[in-house]
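Hi,

Here is the structure we talked about. Please have a look, and find my notes below.

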Amino acid sequence: MKTIIYTVFLSLMVAFAYLTISPDDTQEYGQKMLPCEIPSEPLSPSYNHSFFCCPGKVGYWISASYKPPGEIIGFRAQNVPLGYNETVVFVVYKKTKDGWKVIYTENDWHAEFILPPEQNVTYALSVYVFDKDCNLIDSLYSTVFVPIQDFNAEMYLDKEVYKLEKPQSW
């Protein structure tokens with residue numbers, strides 16, 4: 001009888017927790033998840049930042065430069081005002097022969113993405129901040145290039161044997 005009571009009690013607790021915790025509750029800073037349209041290709045960087053530094057007050061870190069395959073790239077906002085609940089979306093675009101292709105999106109103030117094993121690929125990283133009406137407030141832009149990881153070199157010598165003629169002090 002005790003086992004049945006414990007099982008029922010545990011089941012009720014799990015059901016109650018499932019019903020009271022929503023995806024919105026798990027977002028940092030109470031961020032909203034709106035169905036805002038993501039641009040099909042990266043936008044030019046915004047030079048008049050109203051949200052991100054500078055002159056905006058929210059600091060940020062975003063990956064850039066050359067990276068090897070399998071490296072973690074991402075974005076992190078810093079000093080986001082408590083209670084700020086607009087939508088932010090981190091987007092990874094891959095350069096293709098036909099333009100750009102969205103390969104990853106994350107709706108959070110901190111996002112990470114592991115680069116695929118492909119080489120000789122350019123990625124554009126964009127962060128978009130939307131208001132409640134899905135109007136773009138601010139954006140960030142960065143590029144990451146994954147070069148070919150092979151190094152093909154040949155070395156030729158003009159002698160078969162090399163020897164030090166005169167001892168030198170190092």
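The count of salt bridges comes to one (a side-chain nitrogen of Lys or Arg within 4 Å of a carboxyl oxygen of Asp or Glu). Glu-118 and Lys-94 form it, at 2.6 Å from N to O. The partners sit 24 residues apart: Glu-118 in the loop between β6 (110-114) and β7, Lys-94 in strand β4. Lys-94 is buried at 17% relative accessible area; Glu-118 is partly exposed at 34%. Buried means under 20%, exposed over 50%, partly exposed in between (1.4 Å probe, protein chains only).

This is a predicted model: local features need pLDDT of at least 70, side-chain atom pairs count only at pLDDT 80 or more, and totals for chains, interfaces and linings use all residues. Residues are numbered from 1 along each chain as its sequence is written, and side-chain values use heavy atoms, with hydrogens and water left out.

Now the sheet. It is open and mixed, with five strands in the order β2-β8-β7-β4-β5. Strands are DSSP runs (E, at least two residues), numbered from the N terminus; two of them pair if DSSP finds at least two bridges between them. β4 (87-96) and β7 (121-130) run antiparallel, joined by eight bridges. Val-88 faces Val-129 there.

Last, the rings. The whole structure holds 11 aromatic pairs (Phe, Tyr and Trp rings, the six-membered one for Trp, with centres within 6.5 Å; planes under 30 degrees apart are stacked, over 60 edge-to-face, the rest tilted). Phe-52 and Phe-75 pair edge-to-face, at 6.1 Å and 90°. Phe-52 is buried at 0%, and Phe-75 is buried at 0%.

Best wishes

Definitions and conventions: Helix = DSSP H or I, 4+ residues; strand = E, 2+ residues; numbered from the N terminus.
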